[in-house]
Amino acid sequence: MTQTYRRLRVAPSDEGVLSVVIDAPPLNLIGPELVRDLVTLLGELEADQDTRVMVLESADPEYFVAHVDLTKVAEYTAEAAKAGGPEDASLGMLWHQLSDLPVVTIAKLRGRARGAGSELALACDMRFAARENAVLGQPEVGFGAPPGAGGVQHLARLLGRGRALEVILGAGDVDAELAERYGWVNRALADAELDGFVARLARRIASFPAEAVRSTKQVLNGLTLPGADAVRADARRFQQLVGSEAVKARAARLFAQGLQTRGPLEHDLGDRLGSL
Amino acid sequence: MTQTYRRLRVAPSDEGVLSVVIDAPPLNLIGPELVRDLVTLLGELEADQDTRVMVLESADPEYFVAHVDLTKVAEYTAEAAKAGGPEDASLGMLWHQLSDLPVVTIAKLRGRARGAGSELALACDMRFAARENAVLGQPEVGFGAPPGAGGVQHLARLLGRGRALEVILGAGDVDAELAERYGWVNRALADAELDGFVARLARRIASFPAEAVRSTKQVLNGLTLPGADAVRADARRFQQLVGSEAVKARAARLFAQGLQTRGPLEHDLGDRLGSL
Amino acid sequence: MTQTYRRLRVAPSDEGVLSVVIDAPPLNLIGPELVRDLVTLLGELEADQDTRVMVLESADPEYFVAHVDLTKVAEYTAEAAKAGGPEDASLGMLWHQLSDLPVVTIAKLRGRARGAGSELALACDMRFAARENAVLGQPEVGFGAPPGAGGVQHLARLLGRGRALEVILGAGDVDAELAERYGWVNRALADAELDGFVARLARRIASFPAEAVRSTKQVLNGLTLPGADAVRADARRFQQLVGSEAVKARAARLFAQGLQTRGPLEHDLGDRLGSL
């Protein structure tokens, strides 16, 4: 890991475990710099022989990832395109590449993970959330677009028809305890125990014979990952609707109320979408 | 909504939310009149531009829907046939049409929802149950027939192999708390909070841009709904076995004990099937 | 049931319910004798008209099944081959035949069910576990091989992507309460209530009309069972990797610490794999 990152903190791999910390103030919005870093990271991980497990977390205890930067959709999509061909110019396909890595990936969730931030966590192999403060949400439908980066695919499989329809069409905030009950995260753990739990699990998997881990993940991917065509279709639907008049009008009202700044609107985004 | 209903109470749509109350005393049995009303309702909803969300509940706090009227299988099937072609003459295909509506549907469950009543709730997009009194069950195998209106398909997907086999082959009653743990309902909520919770969720979804809700539901339907062929095959199996000598004999003993009347047999139908 | 069994205790069928008790001291390891008995049992059950439900449990309260006997992989595989053709020479295909039986099968779990023992329980139609003492695990990846007898297939479907990756790549022990939350077992029940609960459910299903139970199980199998090709592919992968140098080296260290003997290593196998 020689590359310098601007929005990620990437420590040298320790006993096969790589720590990656998202550090993109003020809200870990997904914009072009963060996407460029993630594209670089994926390229390095594909070539890296030493890293067996990656743990992904946030430097900001209140926001894992707020959501995409709505003022820079074209710019971050252009960065995402550098990881694949032109038809893969989407966060959905970038997250899909993450899921496909031979490296095992674990998301450690504190604070809010909404929209493409929830979808980034869903693209990881496992998700563990701090019971006291983690919040997940797919607010897209409340703006006027479907989730576009794999969330529809993953939540349909993990939560089943009724609960996936509730959380995606309802577009509300889901706390860690309900996220565990619904299967959005593997488990909700006490914040004070979360780091130790994830570190032990990561070191443990990194200590197992590499070929068994890799081939078993590959079989499980074949059984559980959405196909690339479905991910591309969802990305196209998002990209069409995110430019619609309905989304522009609703986003304008939310920007006037503080969207993409640290404050009550972003804190309670799930609730606030219901009273626009 | 100009149509007069006989077994449904349908209020005018309010801010995009339509309230539909099943009112078919004494037990909300599914018979020809109720099916005729449901066929009418589906036709109106397909043409209705104002209704975005439908909330379905029961006027009877003890019975959401007891089950089909076993004395009128031919009659209600003939009514169901009016919604589709002759090969779609089944409750299963009528419930399937309900799932396919662009309108979002929410079942609010109090009391017993057994057999085709459970399957009606499963055909809705989401299900919320009163923790204190909701009971779900698929008693069909205890009579001698498989569930015929989509329950096998939905429960296999929602509950997974082991739990679907348990509740369908076991044919027992499942209370709201276990139904939540198994994924049969989205959540069990305190009876006193159920109405407010569902009303807020319904209004919320109805306030979101219509195109996003509709297209997202369509994608989720593609991922999670059973195919029409599987539903038709289940309906055929039910229609074959429901006329068998085994079912006739067991139903005769249950009618002698009070089946289809308000009383202890219907109240405890799940238990009673185990000691026929 | 006229056959004499050496590692199973098989009582005469009582009101359609057959009790089968695994009794292969010291740890209910899966070796050639136990597999021979299971092949015999499956053959008898296919011909048996009286048995409607089979309940499978262990005579050893601490071990349902520890795992396969790693010193006798070739021998038990040769026995398993007697149940099918040469391409079906695997525990995975034997367990798959068990799932395909028209008889309904219920696993009653006390103590440890690891590796192919967990997969034997997963091949049964339903699983109920003693809350105080049941432990499930797929330790294979910690040895250096993927689970080979259907566990990958079943757990992917029952637990979903994130949790299946966690328990299979993590290779740790899962207690009854977490196994219930994850869907690995139908329910965790108090040890003192487990026998009564399972006996009532078994008698109940055995009392229902046979044709309805059989045809409904067949439809649910079609919806939820992995295909034979996937099971065969998993078995091949296991058979390739179980003979690798990595597995031999790790197994040798574990044998030196007490593997396959009654003692602390087997008791805490999940934990111990993490500090090899």
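This is a predicted model: local features need pLDDT of at least 70, side-chain atom pairs count only at pLDDT 80 or more; totals for chains, interfaces and linings use all residues.
**Entry 1: chains C and A**

How many residues of chain C are in contact with how many residues of chain A? I looked it up: 35 residues of chain C meet 34 residues of chain A, where contact means heavy atoms within 4.5 Å.

Residues are numbered from 1 along each chain as its sequence is written, chains are lettered from A and ligands numbered from 1 in the order in which they are written, and side-chain values use heavy atoms, with hydrogens and water left out.

Next I checked the area. Chain C and chain A bury about 2500 Å² between them, and carbon and sulfur atoms give 62% of that. Buried area is the accessible area (1.4 Å probe) that two parts lose on being put together, summed over both.

Then I went for the salt bridges (a side-chain nitrogen of Lys or Arg within 4 Å of a carboxyl oxygen of Asp or Glu). I found three across the interface of chain C and chain A. The side chains of C:R181 and A:E180 meet in a salt bridge, 2.8 Å from N to O.

Which elements give two or more residues to the side of chain C that touches chain A? My list for chain C reads α5 (140–143), α6 (151–170), α7 (176–182), α10 (228–242), α11 (245–256) and α13 (269–273). Helices here are DSSP runs (H or I, at least four residues), numbered from the N terminus. α6(C) gives the most, with 14 residues.

**Entry 2: chains A and B**

I moved on to the contact of chain A and chain B, which takes 35 residues from chain A and 34 residues from chain B. The buried area there is about 2500 Å², with 62% from carbon and sulfur atoms. I noted three salt bridges between chain A and chain B. A salt bridge joins the side chains of A:R181 and B:E180 at 2.8 Å, N to O.

**Entry 3: B:A176**

Is B:A176 buried or exposed? I'd call B:A176 buried because its relative accessibility is 0%, and buried means under 20% relative accessible area (1.4 Å probe, protein chains only). B:A176 is in helix α8 (residues 176–182) of chain B. Leaving out residues up to four places away in sequence, B:A176 touches B:A129, B:A130, B:R131, B:A134, B:V185 and B:A188. I also looked at B:F128: its C-alpha atom lies 9.1 Å from that of B:A176, and the two residues are 48 residues apart along the chain.

Notes
Buried means under 20% relative accessible area, exposed over 50%, partly exposed in between (1.4 Å probe, protein chains only).
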